[in-house]
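Please look over the model below before reading on. The text after it walks through selected parts of the chain.

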Amino acid sequence: MGISTRQFDAVVVGAGGSGLRAALQLAEANLRVAVLSKVFPTRSHTVAAQGGVSASLGNEEPDNWHWHMYDTVKGSDYLGDQDAIEFMCRKANEAVIELEHYGMPFDRLDNGKIYQRPFGGHTSNYGERAVKRACAAADRTGHAMLHTLYQRNVRAKTQFFVEWMALDLIRNQAGDVLGVVAMEMETGEVTILHAKATLLATGGAGRIYAASTNAFINTGDGLGMAARAGIPLEDMEFWQFHPTGVAGAGVLITEGVRGEGGFLLNKNGERFMERYAPTVKDLASRDVVSRAMATEIKEGRGAGKDSDHILLKLDHLGADVIDKRLPGIREIAIKFANVDPAKDPIPVVPTCHYMMGGIPTNMHGQVLAGHNGGAIVKGLYAAGECACVSVHGANRLGTNSLLDLLVFGKASGEQVVKDLASDALAYQDLPKDAADLSLSRLARLDSAKSGEDVAEVGAEMRRTMQLHCGVFRFPDGLAEGVRRMQEVGKRAGSLYVKDKSKVFNTARVEALELENLVEVAMSTMVSANARQESRGAHDRSDFPDRNDAQWMKHTFWYKENDRLEYRPVNLKPLTVESFEPKARVY
């Protein structure tokens with residue numbers, strides 16, 4: 001093959017919250033683990049999480065995991081699998097306390113316990129009123145978490161491959177995964193990382209949209225790798241638009257602002273959320289708030305000279321509270337909106353934020369081979385935003401993302417340790433064509449004398465997604481979106497990189513990332529066009545109601561022929577009574 005091979009017990013692709021939590025479990029079990037990351041681990045996108053991590057600690061007021069589970073099921077618009085949701089909510093307290101013992105610098109109450117703030121969709125007594133459940137480190141919770149987990153991994157002697165990009169999974173004829181083909185970004189050198197276990201923790205793919213809170217590294221690499229390897233992608237029609245991205249910039253303004261007492265206003269100075277969610281108002285679930293904001297703008301009540309945004313007011317909290325609880329938000333508002341929130345409201349709009357779908361897994365992080373469940377892909381695991389367990393269903397509850405990283409990062413790591421200890425996994429001979437797919441992709445880029453411009457194709461993909469698959473979705477728009485994405489996919493097959501240098505060639509990396517993004521965008525558009533109902537983040541004008549009789553099921557998109565299959569939602573929890581679907585009001 002002419003390329004070098006390195007062997008590890010486990011390879012973790014991605015060094016965000018879930019990747020680091022899984023790697024820690026593996027390294028502390030004395031396994032030889034390699035962690036690949038396109039950026040230095042503490043620059044992974046988890047660093048941008050602001051508001052908190054959910055756990056029913058009850059440090060300020062009564063709370064319990066069953067209420068948390070109810071809120072998560074309801075928030076998911078009943079598309080979340082209730083066994084996985086129970087597992088996550090029951091593990092939440094343990095996960096947060098464990099993180100605290102690792103040295104996570106949570107904010108504190110006067111009595112020394114972890115500070116908790118209210119958050120959208122978090123309630124006590126099954127929807128009765130808002131509850132304080134988000135454990136926070138000011139408005140930099142993800143930053144604190146990532147540094148804590150990275151330091152713990154350094155202590156455990158985890159081996160990091162920084163500025164390396166995984167290109168493709170290696171599968172044998174039986175379908176088992178034997179590692180990845182990866183490229184060192186600095187030199188362009190390609191290496192096979194041969195492993196008994198491969199764990200994907202590559203995060204989300206929000207860069208398929210023109211307006212996104214996601215970092216530029218969030219290019220769906222794990223999903224692209226899975227799709228090319230014949231593994232389906234689950235529930236890709238469901239993308240969460242965060243209500244409060246800075247207008248014109250997309251930078252996230254945490255829901256913690258509203259948790260601390262901030263609220264939304266239209267151009268008339270009206271607290272319009274009282275009309276849409278009379279009980280919890282500005283702390284309704286994210287899809288509810290985003291649609292309310294989009295409706296206000298659409299009906300002419302948006303603020304600014306173009307009536308194109310909403311105002312987030314927090315000056316009434318006072319500069320002292322803002323500087324103590326929301327210091328990063330003040331900094332972001334000044335830098336990106338030219339507004340001091342201690343004096344004036346922040347201009348905000350709904351912005352693509354989170355991918356509820358992903359690579360299908362069970363609650364132990366094992367990747368499922370298909371839509372009929374049961375069968376797993378031997379040697380392959382996934383955790384975090386790139387995975388779909390499914391605990392978020394059609395709409396993720398705020399702060400459950402960081403909880404997901406901790407709970408399922410650890411669970412997947414534990415499963416790998418268990419599988420290795422039982423000899424369920426072992427080194428297998430690499431197929432002779434192990435690196436051929438990756439080498440052919442690189443050769444195509446390197447040999448092309450002409451072709452499509454990477455930036456132009458990427459811009460067309462983002463325009464198409466923003467226009468045809470946004471907060472509100474229309475039948476003609478979705479059908480046209482599928483047609484346009486098919487054209488984008490064809491163009492992505494003949495990308496042209498002008499600079500043929502393999503050293504520090506960012507254009508080459510961007511072309512490889514775009515190929516992954518196109519897989520994600522295609523799966524999203526096809527899945528959204530097929531789902532004929534409105535549920536959670538998926539809102540169709542021609543099917544305005546939720547249709548439990550026909551659509552209480554997960555979507556599975558297969559790359560081959562853009563094929564769709566379905567599997568029923570698991571409404572049966574592990575130990576408690578089911579939460580039966582009902583009208584979702586706040």
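The structure is a predicted model, in which local features need pLDDT of at least 70, side-chain atom pairs count only at pLDDT 80 or more, and totals for chains, interfaces and linings use all residues. Residues are numbered from 1 along each chain as its sequence is written, and side-chain values use heavy atoms, with hydrogens and water left out.

Begin with Asn 400, which is found in helix α11, residues 400–421. Helices here are DSSP runs of H or I with at least four residues, strands are runs of E with at least two, and both are numbered from the N terminus. The relative accessible area of Asn 400 is 0%, so the residue is buried. Buried means under 20% relative accessible area, exposed means over 50%, and partly exposed lies in between, with a 1.4 Å probe and protein chains only. Leaving aside residues up to four places away in sequence, Asn 400 touches Ser 54, His 68, Thr 72, Met 88 and His 392; contact means heavy atoms within 4.5 Å. With Thr 72 there is also a side-chain polar contact of 3.1 Å. A polar contact is a pair of N or O atoms within 3.5 Å; within protein, one must be able to donate a hydrogen and the other to accept it, and residues adjacent in sequence count only if both atoms are side-chain atoms.

Next come the aromatic rings. Rings of Phe, Tyr and Trp (its six-membered ring) pair if their centres lie within 6.5 Å; planes under 30 degrees apart count as stacked, over 60 as edge-to-face and the rest as tilted. By this rule there are 13 aromatic pairs. In one of them, Tyr 70 and Tyr 126 have ring centres 5.5 Å apart and planes at 90°, so the pair is edge-to-face. Tyr 70 sits in helix α2 (residues 65–75) and Tyr 126 in the loop between β4 (116–124) and β5 (129–135), 56 residues apart. Tyr 70 is buried at a relative accessible area of 6%, whereas Tyr 126 is partly exposed at 36%.

Tyr 70 also pairs with Phe 579: the centres are 5.5 Å apart and the planes are at 65°, so this pair is edge-to-face. Phe 579 lies in the segment after β22 (563–568) and Tyr 70 in helix α2, so the pair ties together parts that are 509 residues apart in sequence. Both Tyr 70 and Phe 579 are buried. Ring pairs link these residues into a cluster made up of Trp 67, Tyr 70, Tyr 126 and Phe 579.

On a 1 Å grid over the protein atoms alone, a cavity is a set of points where a 1.4 Å probe fits but cannot get out, and a pocket is an open set with protein on both sides within 12 Å along at least five of seven lines; lining residues have an atom within 4 Å of a point. Grid points are joined across faces, edges and corners, and a volume is the space filled by probe spheres set on the points. The count comes to three cavities of 30 Å³ or more, and the largest cavity has a volume of about 50 Å³. Trp 239, Phe 241, Asp 287, Ser 290, Arg 291, Val 471 and Ala 537 line the largest cavity. Helix α8 gives the most to this lining, with three residues.
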